[in-house]
Structures are given as C-alpha cells and as structure tokens.
Amino acid sequence: MRIVITGAAGFIGSHLSERLLDQGHSVVGIDNLLTGDLANIAHLSGRDFVFVRHNVTNYINVDGPVDCVFHWASPASPIDYLEWPIPTLKVGALGTHNALGLAKAKGAKFVIASTSEVYGDPLEHPQKETYWGNVNPIGPRGVYDEAKRFAEAITMAYHRYHGVDTKIVRIFNTYGPRMRVRDGRAVPNFIAQALKNEDVTIFGSGSQTRSFCYISDLVTGILALMASPLNEPVNIGNPQEMSIAQMAELIIKMTGSSSTIVYKPLPTDDPQVRKPDITLARTKLGWEPKVSLADGLTATIEYFRKKMELT
C-alpha cells in the first residue's frame with residue numbers, strides 16, 4: 001500500500017513509519033517538526049519513504065494514489081500543549097479535517113490517533129470505549145482533550161456521512177525509544193533525571209495510577225485495527241496498572257541512580273487513575289501487549305543513556 005502518515009517524525013509516528021516500511025509498504029511522512037525530530041526518521045532515508053515538511057492545519061496535497069491515511073500529528077505531552085494551546089486545538093480540528101479530506105478524495109482508509117485523555121479524569125475504572133468521559137472543557141488540559149474529542153466526532157461524521165472507512169485508536173500511556181529527553185511525561189522525565197542523578201520529580205502524591213504500554217506493542221495494535229472492519233473507537237494500551245511513585249522507584253533502581261524523589265504540586269485536572277479495558281481489542285483484534293515492563297524499560301533506558309551522551 002501507499003500510506004500517508006501525519007506526525008511521521010514524532011515518537012509514535014516514526015515507529016509506525018518504520019513498521020509499515022518493514023512490511024513492504026510505501027510511506028509519505030508529513031510533519032511540521034513542532035515536536036517531531038528528523039533524527040527519528042533519519043534511518044529511513046534510502047527506503048521507500050518520502051518526507052514532506054508541512055503543517056497539516058493547511059490543505060494537504062499528495063500526488064498519486066493513497067491507500068491509507070494515518071493522522072498522528074499533534075503535540076501529545078502536557079508541557080507541549082500548554083505551551084502551544086492554539087496549535088494543539090488547530091491540529092485536532094483543522095488538521096483532522098484536512099487529513100479526512102485527503103482520505104475521502106483518495107478513497108483511502110483513515111486511522112486517527114485519539115487518546116485516553118478523551119476520558120479526562122475518569123469516574124469509571126477501568127475505562128471502556130463506551131464511557132463518555134469526565135473532561136473540563138475550559139481547563140488548561142482541555143485544549144488537548146477537547147481537540148481529540150472533536151477529532152473523534154468529525155472522524156465518525158466522515159464515516160457516517162461520506163462512507164470513509166475510519167478507525168479510531170484510543171492510545172493509553174506509551175513509552176519507548178525516540179521519546180524526547182525533555183518530553184515532560186513520566187517515563188522520559190524519570191529516566192532523564194535518574195541518569196543524571198538529579199532529584200526525580202513527582203507531581204502530586206504519586207498515588208495516581210497509569211498503565212504503560214511499550215511502543216512495539218502499540219504499533220502492533222494500531223496495525224491490527226487498521227486491518228479490521230471496526231469503525232468505532234478501540235482502546236490500545238497495557239492494562240497493567242501502577243502508581244507514578246512505583247514507576248519512579250523502579251526507574252531509579254533499574255538505572256542504578258542515586259536520585260531521590262521530590263514532590264511538587266499536582267497540575268490542574270491531572271487524572272487520578274488511568275487503565276484501559278482492552279476486552280474489545282482482545283476479542284475483535286486478537287491483540288494484547290506482549291512486552292514486559294522490565295524489557296521495555298531496559299530498552300528505553302539504554303536509548304536515553306546513548307541519547308544523553310550525544311547531547
């Protein structure tokens with residue numbers, strides 16, 4: 001297939017590009033490099049991969065046939081969408097509209113990266129796809145949460161009204177190589193601080209929970225959904241739940257760090273719990289995560305160790 005990926009130079013987008021190339025597909029990667037990094041896709045040079053630097057909030061033009069559009073463009077870390085609130089809203093709304101327009105014009109499948117953030121600070125636990133969420137639309141996180149909720153709404157509208165074959169991936173916390181050292185999310189923050197023997201910073205009490213999925217498992221789930229007949233949202237994540245404090249302690253231990261944990265105030269509307277119900281993915285896609293936390297963290301720590309030696 002010939003596949004277009006927006007956000008191709010980002011953490012997940014670059015892994016998705018690589019896997020699709022490995023499967024023999026042709027990839028057109030689009031990114032404006034707001035949070036993406038050309039280093040993430042440098043190793044794809046010389047393969048059937050074309051990179052286009054473009055902001056997808058503007059009209060997207062791709063010559064020739066397109067079989068599938070993966071819309072992955074968006075800031076995804078709280079430090080990013082708090083720094084760029086309007087671009088985050090625009091890529092969720094205008095960017096999704098433009099990417100859907102490309103899929104419709106080409107008669108292509110459309111797969112969008114949604115997020116567990118559509119559930120907000122959930123009152124249901126674990127979170128099923130049928131849960132409508134508990135989101136503060138005017139809070140600081142609302143720029144990301146509501147951008148993704150709108151993106152899901154317009155995606156389903158294109159499916160129902162225009163007949164576009166759409167897929168919605170609700171991604172839960174994912175980690176792995178190619179995350180940025182200063183990403184702002186728990187795993188890269190903790191690893192970077194631990195490797196430098198700095199204080200490891202936890203926001204809030206550390207009792208809040210997350211469920212961490214390794215990048216290769218996530219990509220396998222995304223591609224399983226792409227190949228399926230499903231059009232409704234599907235949770236893709238690891239249901240193994242742990243507290244933020246447990247993750248920090250584990251990373252300090254695995255890095256052999258002398259870091260100590262310090263606590264800072266919890267950001268506004270930060271979710272207290274986060275755990276996917278993956279019954280739908282298990283039963284309809286035959287998917288569940290395979291990579292253990294120990295193996296995933298070992299690979300991620302090694303990547304960060306090498307990355308930080310170069311910077």
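Biologist: Before we start, what should I know about the model and its numbering?

Modeller: It is a predicted model, in which local features need pLDDT of at least 70, side-chain atom pairs count only at pLDDT 80 or more, and totals for chains, interfaces and linings use all residues. Residues are numbered from 1 along each chain as its sequence is written, and side-chain values use heavy atoms, with hydrogens and water left out.

Biologist: What describes two packed helices?

Modeller: Two packed helices are described by the angle between their axes and the distance between the axes. Axes here are lines fitted to C-alpha atoms, for helices over the stretch in contact, and angles run from 0 to 180 degrees between N-to-C directions. Helices (H or I, at least four residues) and strands (E, at least two) are DSSP runs, numbered from the N terminus. Now the case: helix H5 (residues 186–195) packs against helix H7 (residues 244–255) at an angle of about 35°, and their axes are 9 Å apart.

Biologist: Is the crossing of H5 and H7 left-handed or right-handed?

Modeller: A crossing is left-handed if the near helix is turned anticlockwise from the far one by less than a right angle, and right-handed if clockwise. H5 and H7 cross in the right-handed way. Contact means heavy atoms within 4.5 Å, and here H5 contributes Ala186, Val187, Phe190, Ile191, Ala194 and Leu195, while H7 contributes Ile244, Met247, Ala248, Ile251 and Thr255.

Biologist: Which classes of residue make the contact of H5 with H7?

Modeller: Ala, Val, Leu, Ile, Met, Phe, Trp, Tyr, Cys and Pro count as nonpolar, Asp, Glu, Lys and Arg as charged, and the others, Gly among them, as polar. That contact has 10 nonpolar residues, 1 polar residue and no charged ones.

Biologist: At what angle do H1 and H6 pack?

Modeller: Helix H1 (residues 11–22) and helix H6 (residues 215–226) meet at about 65°, with axes 10 Å apart. Their crossing is right-handed. Residues in the contact include Phe11 and Leu16 of H1 and Ile215 and Leu218 of H6. By class, there are 9 nonpolar, 3 polar and 1 charged residues in it.

Biologist: Why does Ile30 count as buried?

Modeller: Buried means under 20% relative accessible area, exposed over 50%, and partly exposed in between (1.4 Å probe, protein chains only). Ile30 counts as buried because its relative accessible area is 3%. You will find Ile30 in strand S2 (residues 26–31). Leaving aside neighbours within four places in sequence, Ile30 contacts Phe51, Val52 and Ile60, among others.

Biologist: And where does Thr166 lie?

Modeller: Thr166 is in strand S6 (residues 166–171). Its relative accessibility is 0%, so Thr166 is buried.

Biologist: What is the general rule for phi and for peptide bonds?

Modeller: Most residues other than glycine have a negative phi, and most peptide bonds are trans. Look at Arg178, where phi is positive, near 85°. Arg178 sits in the loop between strand S7 (174–175) and H5, and is buried because its relative accessibility is 14%. Asp269 also has a positive phi, near 65°; at 32% relative accessibility, Asp269 is partly exposed. For the peptide bond, look at His125 and Pro126, which are joined by a cis bond with omega about -5°.

Biologist: How many cavities are there of 30 Å³ or more?

Modeller: On a 1 Å grid over the protein atoms alone, a cavity is a set of points where a 1.4 Å probe fits but cannot get out, and a pocket is an open set with protein on both sides within 12 Å along at least five of seven lines; lining residues have an atom within 4 Å of a point. Grid points are joined across faces, edges and corners, and a volume is the space filled by probe spheres set on the points. The count is 1 cavity of 30 Å³ or more, and the largest cavity holds about 50 Å³. Its lining includes Tyr175, Phe212 and Gln240, with 6 nonpolar, 3 polar and no charged residues.

Biologist: What lines the second largest pocket?

Modeller: That pocket has about 190 Å³ of space. Of its 10 lining residues, Asp37, Arg180, Val181, Arg182 and Lys307 are the closest to its centre. By class, the lining has 3 nonpolar, 2 polar and 5 charged residues.
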